[in-house]
Amino acid sequence: MDDDLPTDFQVIVVGTGMVESIVAAACSRIHKNVLHLDSSDHYGGLWASYNFDGLQKFIKEVTSDPKKQVQVYNLIEQWYIEKESPPEEEKKDGEAEDGKTEPPKKIWSQANFASEYRKFNIDMTPKLLFSRGPLVELLISSNIARYAEFRCVTRVLTWLNDRLMPVPCSRADVFATEAVSIVEKRMLMKMLTSIVGYNEEEMNNEFKDWNDKTFKEYLTHKGLTPNLIHYVLFAIAGGTDDMPCLEGVKECKKFLMSLGRYGNTPFLWPMYGSGELPQCFCRLCAVFGGVYCLNRPIDTVATKTVDEGKTVVVIESKSKTLNCDHLVIGINECPKDLVSPEPAESCDISKAVFITNGTIMKSEKEPLTLLRFPPLIEGGGAVTVLEVGPATGSCPKGLFVVYFITNKVTDAETDLKPYAEKIFDMSGGDQTVESEKPKCLWSLFYNVKDTSAPVESAVPSVHVCSGPDAGLDFDRAVDQAEQIFKKICPGEEFLPRAPDPEEIVFEDDVTHGPEFQREQEDEADGDTPKE
């Protein structure tokens, strides 16, 4: 590969995270010469999805050599099941085959997880897409949506009065729910309808006197009951008591504007996990000529001035010198001397992944759930919970994968375990015993350094990409990728539509018809060809 790899490119991208992959696709799409590198043997970086075996390798790498994954720390893995399946399970299975009894509930063991490891797709950065959000619009307009599949989130839940409650999303849900009175339903619909009707200018004018007040104060001022305030503030806006008023209104509008486009809720989940999305953009980059090299770390980055005062970025990688006009690099890969020294305020992220043997709230069909927990303690943060099942390609049949995300206060386990204990049975024990809560079979707590703040480079031709944030969607990543693209290619269209394969005609592939021999013979005889 060293011998074959060219040395000069217009754009070199280092890292295959979401922002880097979007920029690579956008540059390649307008026929820039792009080289895309990653020091890992897989795509995605902190945005990746792992099968269970890959996740075990990642955990081992973090615990044995923390310097390789400095952005992940406080990692705690725990099993709640036996290493091997009990021998009685085989007999019970045999009885079920006769049709005399119903098939017993599968008793999972660590060995089962290992044998079915390929059926898991576990995300490091689980996120949803708003149906009318920037990423969905970009996937459609660029035609990259053909590389991915999605499922609609089927329900939104909240934690109210010490139990799980469904959140009415659509107009039909609002009037069908028994959780709010008729008067409350009218109040809720009136307020939500007014929020949807505001454009950006009207919104700023309407709420100019509320700049220094919270969204909760605004909802109280509007006369909403505590029940309705809970639904709007925590479940729809995804906020806390301290959420600024204008931010809360904008979050509500974003939620409401995405309702009804693809399903009953505003959200989509990518099949096989969020880690598929960076790969979709990488695929488009490769289709338009981008060159990919995984397992290729960079050693040094420098700049040099060539003819006519032009600055070129020089990269040393595996004893090979690579030159480019622009370098796009992930914050975790970027040498410290290239990053502007301005300190950025950040709050690290607490995350957890749970694998359970049932859904957190019974449903007729397999659910795909967003749960928004209000803070359980004073000063704590709201917790976002995503539950995905086997229909999403995330786990084997009979299991669910549940993600918890919040801003770090103490550490991941301390921040998130009290919330998990509200909805899971974490005692271990007999998996066949029926209980109100699903049994937790495996858990992973970890903290991630927040590198989502925009970072300026000390060199104009080096563009630093931020890492994932704690937010629910990809909006910040899409916005930053577009800003970087505009710096590299000012005046160019950001990710124009890619043609479908059947629309592409290659000149070399055109089949020419046979030559007109008769016409040539007539001309040779001196006859004038007839029209």
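A: Start with pairing: two strands pair if DSSP finds at least two bridges between them. The model is predicted. On that basis, eight strands form an open sheet in the order 4-19-15-18-17-16-8-9, with mixed pairing.

Q: What makes strand 4 and strand 9 the edge strands?
A: Each pairs on one side only. Strand 4 covers 72-79 and strand 9 covers 163-166. Neighbouring strands of this sheet are turned by 20 degrees against each other on average, direction ignored.

Q: How do you know that strand 15 and strand 19 pair?
A: Count the bridges. Strand 15 (residues 349-356) and strand 19 (residues 440-448) share eight bridges in the antiparallel sense. The cut-off is at least two, so the two strands count as paired.

Q: Which helix lies across strand 4, strand 15 and strand 19?
A: Helix 2, residues 52-64. Helix 2 runs at about 130 degrees to strand 4.

Q: Why is Arg372 said to have no salt bridge?
A: Arg372 sits in strand 16 (residues 369-373). Arg372 is buried, and the nearest side chain of opposite charge, Glu251, is 5.3 Å away.

Q: What makes the Ile236 backbone oxygen a polar contact of the Arg372 side chain?
A: The backbone oxygen of Ile236 lies 3.0 Å from a polar atom of that side chain. The limit is 3.5 Å, so the pair falls within the cut-off. Leaving aside neighbours within four places in sequence, Arg372 also contacts other residues, including Trp159, Phe234, Phe255 and Leu472.

Conventions:
Residues are numbered from 1 along each chain as its sequence is written. This is a predicted model: local features need pLDDT of at least 70, side-chain atom pairs count only at pLDDT 80 or more; totals for chains, interfaces and linings use all residues. Side-chain values use heavy atoms; hydrogens and water are left out. Helices (H or I, at least four residues) and strands (E, at least two) are DSSP runs, numbered from the N terminus. Buried means under 20% relative accessible area, exposed over 50%, partly exposed in between (1.4 Å probe, protein chains only). Lys and Arg count as positive and Asp and Glu as negative; His and the chain ends are not counted. A salt bridge is a side-chain nitrogen of Lys or Arg within 4 Å of a carboxyl oxygen of Asp or Glu. A polar contact is a pair of N or O atoms within 3.5 Å; within protein, one must be able to donate a hydrogen and the other to accept it, and residues adjacent in sequence count only if both atoms are side-chain atoms. Contact means heavy atoms within 4.5 Å. Axes are lines fitted to C-alpha atoms, for helices over the stretch in contact, and angles run from 0 to 180 degrees between N-to-C directions.
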